[in-house]
Amino acid sequence: MPDFQTLLAETDADGVLTITLNRPDALNALNKRLVGELGQAVRMARTENVRGIVITGSGEKAFAAGADISEFAGMESLDAHRFAARGQAVFSAIENSPKPVVAAVNGFALGGGCELAMACHLRVAAETAQFGQPEVNLGLIAGFGGTQRLPRLVGRGIATELLLTGDRISAQRAYEIGLVNRVVPATDLIEVARQFVLTIASKAPVAVAMSLQAIRASDLPLPQGLQQEAALFAQCAGTEDFAEGVMAFLNRETPEFVGR
Ligand code: COA
């Protein structure tokens, strides 16, 4: 287990790896160290005993209040470019995870915090959570994928409004625009996120991974996306789990998937 300073990472008996951003005094702001450690923690999910990931923030106030603004003073263009590229790479590793990743948004998800939630496959929000991309207030734009993932998730019109006004929105509003999948009482947040992971982990693992890959291909023009879908469908058909799933259905049994 790596020696993390800015986050906690623990795999429970059900195989859910919970990564908790742990800088509550700075509202879990994403400093360079935390971004690096997050990349390391996500790699921990490669081991067989991990079935999926929940990402949350420590304390009741924030999931993450964005990039650490104290590291911005004196930052020049070259540093800024490296910083954005590094954050984007870590967030893409989250998005590309073959195992489900669920954000449990326990409070402010602003700037990089909102971008982190969007890089996760699914988002559960506490009723008290707030979302926003306030970078324009600092003379910046979102740099960890926000200008790309927000329009894809909620449509260009509402994304433009959020990215240009920097306005914060409630969890309920985030639900209405499709930014989050569920809004739940704060006390239920982690359990609902865990159950999301466990439900998905009970399905055929290769089919889950292929679904995620096919969903990512929806960024491509439709004919290419459809080609990808057919190719991934074919890959699933070559798995033991496909044979097991079909036989179990026909025999009215519960399938026992082996992940190949
Ligand atoms: N980077 C670094 N530190 C941050 C931070 C960030 N993004 N967001 C909050 N903090 C720190 C504050 O400086 C403060 O530290 P201090 O106690 O040492 O003074 C602490 O977290 C608590 O924040 P505070 O502003 O006092 O809490 P609040 O309840 O009054 O306001 C927010 C909460 C989230 C509205 C406010 O902190 C905020 O606007 N943060 C910046 C959000 C942002 O612009 N993110 C995008 C960055 S690109």
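Trainee: By class, how many nonpolar, polar and charged residues does the shell around the ligand have?

Mentor: This is a predicted model. In it, the ligand's shell holds 11 nonpolar residues and five charged ones, with no polar residues.

Trainee: Which residues are the closest to the ligand?

Mentor: Of the 16 residues that surround the ligand, the closest are K61, A65, A67, D68 and I69.

Trainee: What lies 2.7 Å from an oxygen atom of the ligand?

Mentor: That is a polar side-chain atom of K61.

Trainee: How much of the ligand does the protein bury?

Mentor: The protein buries 57% of the 860 Å² that the ligand exposes when taken alone.

Trainee: Let me change topic to cysteines. How many disulfides does a search of the whole structure find?

Mentor: The search finds zero disulfides.

Trainee: Is C120 buried or exposed?

Mentor: C120 is buried, because its relative accessible area is 3%, and the cut-off for buried is under 20%. C236 counts as buried too, at 18% relative accessibility.

Trainee: Now R149. Where is it found?

Mentor: R149 is part of helix α4, which covers residues 146-154. With a relative accessibility of 12%, R149 counts as buried.

Trainee: Which residues does R149 touch, not counting those up to four places away in sequence?

Mentor: R149 touches F91, S92, E95, M118, A119 and F144. With E95 there is also a polar contact of 2.8 Å between the side chains.

Trainee: How far apart are R149 and L212?

Mentor: They are 63 residues apart in sequence, and their C-alpha atoms are 15 Å apart in space.

Trainee: One last residue. Where is the place of S58?

Mentor: S58 sits in the loop between strands β3 (52-57) and β4 (62-64). S58 is buried, with a relative accessible area of 12%.

Trainee: What is S58 in contact with, leaving aside its neighbours within four places in sequence?

Mentor: S58 is in contact with T20, L21, N22, R23, P24, N28 and N106.

Key:
Residues numbered from 1 in each chain as written. Predicted model: local features only at pLDDT ≥ 70, side-chain atom pairs only at ≥ 80, totals over all residues. Heavy atoms only, no water. Disulfide = S-S within 2.5 Å. Buried < 20%, exposed > 50% of the residue type's maximum accessible area, 1.4 Å probe, protein only. Near = heavy atom within 4 Å. Polar contact = N/O pair within 3.5 Å; in protein donor to acceptor, adjacent residues only side chain to side chain. Areas by Shrake-Rupley, 256 points an atom, 1.4 Å probe, with all protein chains shown as cover. Nonpolar A, V, L, I, M, F, W, Y, C, P; charged D, E, K, R; others polar. Helix = DSSP H or I, 4+ residues; strand = E, 2+ residues; numbered from the N terminus. Contact = heavy atoms within 4.5 Å.
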